Amino acid sequence: MRPTAILSILAACALVAPLAAQPVACPAGGFDITGAHPALAVSLCHAAEEAAAALEACNLPQRSPLTIEVVDEIAHPFGTCLAAYDCAYSRIRLVLREDYSDLVDPDDPYAAMPRDVLHGTLLTHEITHALVEQNTPGREVPLIDHEYIAAAMELDHLPPEWRGAILDYAGLDAPATGRINIWIYRIAPRRFAANAWLHFAAPGHGCDLIGELLAGTVTFEDEPR
Ligand SMILES: [Zn+2]
């Protein structure tokens with residue numbers, strides 16, 4: 001390759017890279033987006049701020065800023081996942097790509113969701129984990145309670161037609177407390193989430209129950225299987 005060709009490639013990269021890498025501060029001040037091109041960052045800001053407002057109305061106010069990092073892949077102890085929250089870094093990582101076929105089963109409703117709906121639902125789930133941590137300083141919330149709250153908030157925030165698609169896929173129309181266990185979460189996360197939302201939506205539960213789980217006066221940790 002001629003030196004001038006190499007130089008022009010480097011120059012082209014230098015023009016493109018800063019645009020993608022520059023962190024974008026969301027308007028309300030609660031989120032920074034990194035690794036996304038500007039138009040995507042704007043839509044992620046909107047989704048994150050909308051999720052945070054819904055969570056605030058359910059005993060989960062945001063107390064400190066969070067970074068949302070767009071990535072290609074996240075390696076996780078239980079396999080590759082679509083999104084993750086790292087409390088040590090106040091960071092949410094979100095896998096954004098054109099093709100999710102190696103991460104999501106073809107019949108999973110996630111596979112058919114429009115991209116903005118999928119991004120919004122993944123963000124709501126991970127922001128919930130972050131806000132559970134922010135609202136329980138000094139207390140280690142059991143994993144099952146964390147996942148119940150994240151799943152219930154994720155489905156509650158989904159457009160009803162997509163929530164219905166997940167309930168249909170899970171084959172559930174009534175909740176069972178015995179299904180709120182970490183094995184179902186690991187083996188069949190959509191079934192776990194559908195059951196969690198049905199349980200959350202049942203009379204006497206809702207945001208009051210979320211508050212009790214945060215306070216530690218209620219837990220699913222010792223539920224009989
Ligand atoms: Zn989770």
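**Close-ups of a predicted model**

**View 1. Two helices meet, α4 and α5.** On the α4 side, T121, T124, H125, T128, H129 and V132 do the touching, and they meet H146, I149, A150, M153, E154 and H157 of α5. Sorted by class, this contact of α4 with α5 has 4 nonpolar, 7 polar and 1 charged residues. Keep in mind that everything shown here comes from a predicted model.

**View 2. How α4 and α5 cross.** Here we step back to the helix axes. Helix α4 covers residues 115-134 and helix α5 covers residues 143-157; their axes come within 8 Å and cross at roughly 140°. Angles over 145 degrees would count as roughly antiparallel, so α4 ends up oblique to α5. As for handedness, α4 passes α5 in a right-handed crossing.

**View 3. Inside the largest nonpolar core.** This core has 55 residues. The ones with the most contacts inside it are A48, I127, A151, A152, A196 and W197. Zoom in on A196: which residues is A196 in contact with, once its neighbours within four places in sequence are left aside? They are Y148, A151, A152 and I180. Two of these partners, A151 and A152, are also on that list of residues with the most contacts in the core.

**View 4. N59, a loop residue with positive phi.** Look for N59 in the loop between α2 (38-56) and β3 (66-71). Its phi is near 70°, a positive value in a residue other than glycine. Is N59 buried or partly exposed? N59 has 19 other C-beta atoms within 10 Å, and being buried takes 20 or more, so N59 counts as partly exposed.

Terms used: Residues numbered from 1 in each chain as written. Predicted model: local features only at pLDDT ≥ 70, side-chain atom pairs only at ≥ 80, totals over all residues. Axes fitted to C-alpha atoms, helices over the stretch in contact; angles between N-to-C directions. Helix = DSSP H or I, 4+ residues; strand = E, 2+ residues; numbered from the N terminus. Parallel < 35°, antiparallel > 145°, perpendicular 65-115°, else oblique. Left-handed = near helix turned anticlockwise from the far one by under 90°. Contact = placed C-beta atoms within 7 Å. Nonpolar A, V, L, I, M, F, W, Y, C, P; charged D, E, K, R; others polar. Core = buried A, V, L, I, M, F, W, Y, C linked by C-beta atoms within 7 Å. Buried ≥ 20, exposed ≤ 12 C-beta atoms within 10 Å, placed from the backbone.
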